[in-house]
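Here is a walk through one model, helix by helix and ring by ring. Keep the viewer open and click along as you read.

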Amino acid sequence: MSLLFLQLFNGLSLSSILLLIALGLAITFGLMNVINMAHGEFIMIGAYMAYMVQQLFQKWLPASAFGWYFVVSLGVAFGVAFVIGWLLETLLIRFLYGRPLDSLLATWGVSLVLQQVARSIFGAPNVAVKAPAWLEGGLHLSADLILPYKRIFIIALVALCIVAIYLYMYRTAGGRRMRAVMQNRSMAANLGISTRRVDAQSFAFGSAMAGIAGCALTLLGPIGPTIGTYYIVDAFMVVVLGGIGKLVGTVAGALGIGVFNTALEYTTSATIGKVLVFTLIIAFLQWKPLGLVTMRSRSLD
């Protein structure tokens, strides 16, 4: 039972990481139909913000304040990724709406530029981010079952982000405008909604969520300029499997991929497990091409 519970916890932990990465991508892809290949680099930006805040705390603040650096880095990662995402949408993405191939190639080029900028500033080797003392250790449930505090914190952070996004999209005027544009862009524009402003805010918000994901990933290991490329394919799989534009579908897709991936890797190997997961996703999409949860809206033919 301890081994089974540990595998379920590992699957939930992987699901939470994938979900945190895919949340921003679901907003961007679902609203604007832009295939943002630079989404992984916003993960990298968030990770390096955590590294920079750590260095500033170590250099300028007393050792007793070091435990608060990670909380501060979450806000810094969100803000910096939000601003860079807004600039990217304003200077480039806005001119590529309705041109999916051009947007894919352009954002891929942006991702290469951002990676090279990170190498120029921080160097090519990976750097380590030290977790605060209150995240060290684990929760001892039994002699052979220990749940790391770092992964528990990530799961709690993802749950908080889901609640915040839900409250924003379903309980605020800005969220209603976002959902209106997502369901019927032309009708929303005719009703006076500035779709241009909604696009910019949504892209920046999706980028900021990727920044938080990158900050959280620093708790699991070293970071480098290519940290985002390891997760971008899985994030796209989560969005497509869950259903474009639906928060519930994204949550369900992340849980399914994380649990199945952990279970198959445990029974086979990491490589074979990944192949089997992708095969199952392809088979499922043949049956339900729109994903687990589809968006219902009236359309005029």
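Two residues are in contact here when heavy atoms of theirs lie within 4.5 Å. Keep in mind that this is a predicted model.

**A glutamine and its neighbours**

Let's start with Gln 115, which sits in helix α4 (residues 100-122). Is Gln 115 buried or exposed? Its relative accessibility is 8%, so Gln 115 counts as buried. Set aside the neighbours within four places in sequence, and Gln 115 is in contact with Glu 41, Met 44, Pro 225, Thr 226 and Thr 229.

**Rings that pair up**

Now for the aromatics. With ring centres within 6.5 Å as the cut-off for a pair, the model has 12 aromatic pairs. Take Phe 70 and Phe 153: their rings are 5.8 Å apart centre to centre, with 70 degrees between the planes, an edge-to-face pair. Phe 70 belongs to helix α3 (residues 69-91) and Phe 153 to helix α5, so this pair ties together parts that are 83 residues apart in sequence. Both Phe 70 and Phe 153 are buried. Another edge-to-face pair joins Phe 284 and Trp 287, at 5.6 Å centre to centre and 80 degrees between the planes. These two are 3 residues apart in helix α11 (residues 270-287), which means about one helical turn separates Phe 284 from Trp 287. Trp 287 has 64% relative accessibility and therefore counts as exposed.

Ring pairs also build a cluster, made of Phe 66, Tyr 69, Phe 70, Trp 134 and Phe 153. One of its members, Phe 66, lies in the loop between α2 (39-60) and α3. Leaving out neighbours within four places in sequence, Phe 66 is in contact with Gln 54, Phe 57, Gln 58 and Lys 130. Phe 66 and Leu 88 are 22 residues apart in sequence, yet their C-alpha atoms are 33 Å apart in space.

How do α5 and α6 sit relative to each other? The axes of helix α5 (residues 149-171) and helix α6 (residues 173-183) come within 5 Å and cross at roughly 75 degrees. Angles of 65 to 115 degrees count as roughly perpendicular, and α5 and α6 are therefore roughly perpendicular to each other. On the α5 side, the contact uses Tyr 168, Met 169, Tyr 170 and Arg 171; on the α6 side, Gly 174, Gly 175, Arg 176, Met 178, Arg 179 and Met 182. Sorted by class, this contact has 5 nonpolar, 2 polar and 3 charged residues.

**A hairpin**

Next come two strands. Strand β1 (residues 138-142) pairs with β2 in the antiparallel sense over 4 bridges, and the two form a hairpin with 2 residues between them. Across the pairing, Gly 138 stands opposite Pro 148 in β2. In a regular strand the side chains alternate between the two faces of the sheet. Strand β2 (residues 145-148) has a covered face with Leu 145 and Leu 147, and an uncovered one with Ile 146 and Pro 148.

**An enclosed helix**

Why is helix α9 (residues 232-242) described as largely enclosed by the rest of the structure? Because 8 of its 11 residues are buried. Those buried residues of α9 are Ile 232, Asp 234, Ala 235, Phe 236, Val 238, Val 239, Leu 241 and Gly 242. After α9 comes Gly 243, with a positive phi near 110 degrees.

**Back to α11**

Leu 276 is also worth a click; this residue is found in helix α11. Apart from neighbours within four places in sequence, Leu 276 is in contact with Leu 264 and Thr 268. The C-alpha atoms of Leu 276 and Gly 24 are separated by 26 Å, and these residues are 252 residues apart along the chain.

Here are some accessibility values side by side.

| Residue | Relative accessibility | Class |
|---|---|---|
| Gln 115 | 8% | buried |
| Phe 66 | 15% | buried |
| Leu 276 | 34% | partly exposed |
| Trp 287 | 64% | exposed |

Technical notes:
Residues numbered from 1 in each chain as written. Heavy atoms only, no water. Axes fitted to C-alpha atoms, helices over the stretch in contact; angles between N-to-C directions. Parallel < 35°, antiparallel > 145°, perpendicular 65-115°, else oblique. Nonpolar A, V, L, I, M, F, W, Y, C, P; charged D, E, K, R; others polar. Phe/Tyr/Trp six-rings, centres within 6.5 Å; stacked < 30°, edge-to-face > 60°. Buried < 20%, exposed > 50% of the residue type's maximum accessible area, 1.4 Å probe, protein only. Pairing = 2+ DSSP bridges.
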